[in-house]
Amino acid sequence: MDTYLRIDEDGDYVFQSMPCPFLLADNYCMVYASRPRACRAYPHTDQKNIKSILSLCVKNTETCPAVYRIFEKLPEQIP
Ligand code: SF4
């Protein structure tokens, strides 16, 4: 934890540097079998209380095509 993580202004553990130090040159995860819970749950769009992380999800639309597609389809789901 001391080597790779720091605590951010919200009190959450985040990587000290980006991109993630476990991301290999071939885009595979070096620690895939033991990756952090946040990585397993990404992009978090199936979370029950998505309203609490809505701004994060909106920000993820900028980098994750899957999240972008989900948000693009949202208006069709609202009656
Ligand atoms: S899945 Fe998580 S730990 Fe693995 S490379 Fe991606 S961000 Fe890093």
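Biologist: Where do Glu72 and Arg69 lie?
Modeller: Glu72 and Arg69 are both in helix H3, residues 65–77, three residues apart, which is about one turn of the helix. Helices (H or I, at least four residues) and strands (E, at least two) are DSSP runs numbered from the N terminus. This is a predicted model, where local features need pLDDT of at least 70 and side-chain atom pairs count only at pLDDT 80 or more, while totals for chains, interfaces and linings use all residues. Residues are numbered from 1 along each chain as its sequence is written, and side-chain values use heavy atoms, with hydrogens and water left out.

Biologist: What does Glu72 form with Arg69?
Modeller: A salt bridge, with the closest N and O atoms 2.8 Å apart. The term means a side-chain nitrogen of Lys or Arg within 4 Å of a carboxyl oxygen of Asp or Glu.

Biologist: Switching topic. Which residues are around the ligand?
Modeller: Cys20, Phe22, Leu23, Cys29, Val31, Pro36 and Cys39. Each has a heavy atom within 4 Å of the ligand. By class, that shell has seven nonpolar, no polar and no charged residues. Here Ala, Val, Leu, Ile, Met, Phe, Trp, Tyr, Cys and Pro count as nonpolar, Asp, Glu, Lys and Arg as charged, and the others, Gly among them, as polar.

Biologist: Backbone next. Which residues does a cis peptide bond join?
Modeller: Met18 and Pro19, with omega about 0 degrees, and Tyr42 and Pro43, with omega about 10 degrees. Pro19 is in the loop between strand E2 (13–15) and helix H1 (37–41). Pro43 is in the loop between H1 and helix H2 (54–60).

Biologist: What is the phi of Asn27?
Modeller: Positive, about 70 degrees, although Asn27 is not a glycine. Asn27 sits in the loop between E2 and H1 and is exposed at 62% relative accessibility.

Biologist: And His44, buried or exposed?
Modeller: His44 is buried at 13% relative accessibility. His44 lies in the loop between H1 and H2, and its phi is positive too, near 70 degrees.

Conventions: Buried < 20%, exposed > 50% of the residue type's maximum accessible area, 1.4 Å probe, protein only.
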